[in-house]
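Dear colleague,

Please find below the structure that I am handing over to you. My notes on what was found in it follow.

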Amino acid sequence: LFNWKLQIMCIRCIKERLPDRGSSCLESGSYLLNYAGCSNCNAKGFMNESEKVSEGGNDGSVERISYKHTCQECGHVVATHEYTFEVDDEFQDYTMDCDLCGHGEIQVSILPDDPREKQLY
(Lines give C-alpha, C1' and ligand atoms only; values in the text may rest on other atoms or scores of the structure.)
Protein backbone atom coordinates (compact mmCIF):
# COMPACT_ATOMS: atom_id res chain seq x y z
CA LEU A 1 0.00 0.00 0.00
CA PHE A 2 1.06 3.57 -0.62
CA ASN A 3 2.20 5.65 2.37
CA TRP A 4 -0.08 8.71 2.11
CA LYS A 5 1.92 10.68 4.68
CA LEU A 6 5.19 10.49 2.74
CA GLN A 7 5.82 13.83 1.02
CA ILE A 8 8.60 14.10 -1.54
CA MET A 9 9.49 17.46 -3.02
CA CYS A 10 12.34 19.54 -4.41
CA ILE A 11 12.32 23.06 -2.97
CA ARG A 12 14.57 24.30 -5.80
CA CYS A 13 11.96 23.38 -8.43
CA ILE A 14 9.05 25.12 -6.70
CA LYS A 15 8.45 28.88 -6.40
CA GLU A 16 6.18 28.68 -3.31
CA ARG A 17 5.74 25.61 -1.12
CA LEU A 18 2.12 24.47 -0.63
CA PRO A 19 0.29 27.59 -1.90
CA ASP A 20 -3.29 28.12 -0.72
CA ARG A 21 -5.57 27.13 -3.60
CA GLY A 22 -8.87 27.71 -1.81
CA SER A 23 -11.49 25.35 -3.19
CA SER A 24 -9.39 24.11 -6.13
CA CYS A 25 -8.87 20.34 -5.81
CA LEU A 26 -7.26 18.62 -8.78
CA GLU A 27 -7.07 14.85 -9.11
CA SER A 28 -4.62 15.16 -12.01
CA GLY A 29 -2.46 17.78 -13.69
CA SER A 30 0.14 20.29 -12.48
CA TYR A 31 0.05 23.88 -11.27
CA LEU A 32 2.68 25.15 -13.72
CA LEU A 33 2.52 28.76 -12.49
CA ASN A 34 4.27 27.53 -9.33
CA TYR A 35 6.92 25.54 -11.23
CA ALA A 36 10.32 27.29 -11.30
CA GLY A 37 11.78 24.64 -13.58
CA CYS A 38 13.73 21.45 -13.04
CA SER A 39 16.73 22.02 -10.79
CA ASN A 40 18.39 18.94 -12.29
CA CYS A 41 18.28 19.73 -16.04
CA ASN A 42 16.79 23.28 -16.18
CA ALA A 43 13.77 22.16 -18.26
CA LYS A 44 10.67 24.35 -17.83
CA GLY A 45 8.07 22.40 -19.77
CA PHE A 46 5.27 20.09 -18.74
CA MET A 47 5.65 17.38 -16.12
CA ASN A 48 4.74 13.71 -16.05
CA GLU A 49 2.52 11.97 -13.50
CA SER A 50 4.63 9.03 -12.33
CA GLU A 51 3.87 6.14 -9.98
CA LYS A 52 0.14 6.96 -9.91
CA VAL A 53 -1.77 5.04 -7.24
CA SER A 54 -5.55 5.01 -6.84
CA GLU A 55 -7.23 3.35 -3.86
CA GLY A 56 -10.79 2.99 -2.59
CA GLY A 57 -13.84 4.83 -3.77
CA ASN A 58 -15.78 1.96 -5.34
CA ASP A 59 -17.32 0.68 -2.10
CA GLY A 60 -18.21 4.03 -0.55
CA SER A 61 -14.83 4.37 1.12
CA VAL A 62 -12.50 7.33 0.76
CA GLU A 63 -11.01 7.55 -2.74
CA ARG A 64 -7.30 8.42 -2.69
CA ILE A 65 -5.17 9.28 -5.69
CA SER A 66 -1.47 9.96 -5.40
CA TYR A 67 1.32 10.46 -7.91
CA LYS A 68 4.70 12.10 -8.31
CA HIS A 69 5.22 15.17 -10.47
CA THR A 70 8.38 14.40 -12.45
CA CYS A 71 10.38 16.33 -15.02
CA GLN A 72 9.41 15.28 -18.53
CA GLU A 73 13.03 15.53 -19.68
CA CYS A 74 15.09 13.83 -16.92
CA GLY A 75 12.57 12.21 -14.54
CA HIS A 76 13.59 14.32 -11.52
CA VAL A 77 10.91 14.18 -8.78
CA VAL A 78 9.47 17.67 -8.17
CA ALA A 79 6.62 16.89 -5.72
CA THR A 80 4.11 14.29 -4.54
CA HIS A 81 0.44 15.04 -5.25
CA GLU A 82 -2.35 13.69 -3.04
CA TYR A 83 -6.09 13.98 -3.74
CA THR A 84 -8.97 12.57 -1.69
CA PHE A 85 -12.70 12.33 -2.26
CA GLU A 86 -15.21 11.18 0.35
CA VAL A 87 -18.99 11.14 0.68
CA ASP A 88 -19.91 12.05 4.24
CA ASP A 89 -23.65 12.01 5.05
CA GLU A 90 -25.06 14.92 3.00
CA PHE A 91 -21.77 16.21 1.58
CA GLN A 92 -18.97 15.37 -0.83
CA ASP A 93 -15.54 16.30 0.58
CA TYR A 94 -12.61 16.98 -1.73
CA THR A 95 -9.01 17.72 -0.62
CA MET A 96 -5.72 18.26 -2.41
CA ASP A 97 -2.25 18.45 -0.86
CA CYS A 98 0.84 18.96 -2.99
CA ASP A 99 3.88 21.18 -2.48
CA LEU A 100 3.68 22.20 -6.16
CA CYS A 101 -0.11 22.44 -6.68
CA GLY A 102 -0.94 23.63 -3.16
CA HIS A 103 -3.60 22.88 -0.59
CA GLY A 104 -7.28 23.03 -1.45
CA GLU A 105 -10.46 21.72 0.04
CA ILE A 106 -14.16 22.01 -0.63
CA GLN A 107 -17.33 20.48 0.74
CA VAL A 108 -20.29 20.25 -1.64
CA SER A 109 -23.86 19.37 -0.64
CA ILE A 110 -25.36 16.38 -2.44
CA LEU A 111 -28.87 17.58 -1.63
CA PRO A 112 -30.89 19.84 -3.99
CA ASP A 113 -30.92 22.56 -1.30
CA ASP A 114 -27.70 23.03 0.67
CA PRO A 115 -28.65 22.68 4.39
CA ARG A 116 -25.91 25.20 5.34
CA GLU A 117 -27.60 28.01 3.44
CA LYS A 118 -30.37 30.08 5.00
CA GLN A 119 -33.83 29.64 3.65
CA LEU A 120 -35.21 33.00 2.49
CA TYR A 121 -38.89 32.04 2.61
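**An aromatic pair**

At 21% relative accessibility, Tyr 94 counts as partly exposed, whereas Phe 85 counts as buried at 18%; buried means under 20% relative accessible area, exposed over 50%, and partly exposed in between (1.4 Å probe, protein chains only). Please note that this is a predicted model, in which local features need pLDDT of at least 70, side-chain atom pairs count only at pLDDT 80 or more, and totals for chains, interfaces and linings use all residues. Residues are numbered from 1 along each chain as its sequence is written, and side-chain values use heavy atoms, with hydrogens and water left out.

Rings of Phe, Tyr and Trp (its six-membered ring) pair if their centres lie within 6.5 Å; planes under 30 degrees apart count as stacked, over 60 as edge-to-face and the rest as tilted. The count by this rule is one aromatic pair. The ring centres of Phe 85 and Tyr 94 are 4.9 Å apart and the planes stand at 45°, so the pair is tilted.

**Asp 88**

Asp 88 belongs to strand 3 (residues 77-88); strands (E, at least two residues) are DSSP runs, numbered from the N terminus. The relative accessible area of Asp 88 is 37%, so this residue is partly exposed.

**Positive phi values**

Two residues remain to be described. Leu 18 is not a glycine, yet has a positive phi of about 50°. Leu 18 lies in the segment before strand 1 (47-55) and is partly exposed, at 38%. Asn 42 is also found in the segment before strand 1, and its phi is positive, near 70°. At 62% relative accessibility, Asn 42 is exposed.

Yours sincerely

Definitions and conventions. Helices (H or I, at least four residues) and strands (E, at least two) are DSSP runs, numbered from the N terminus.
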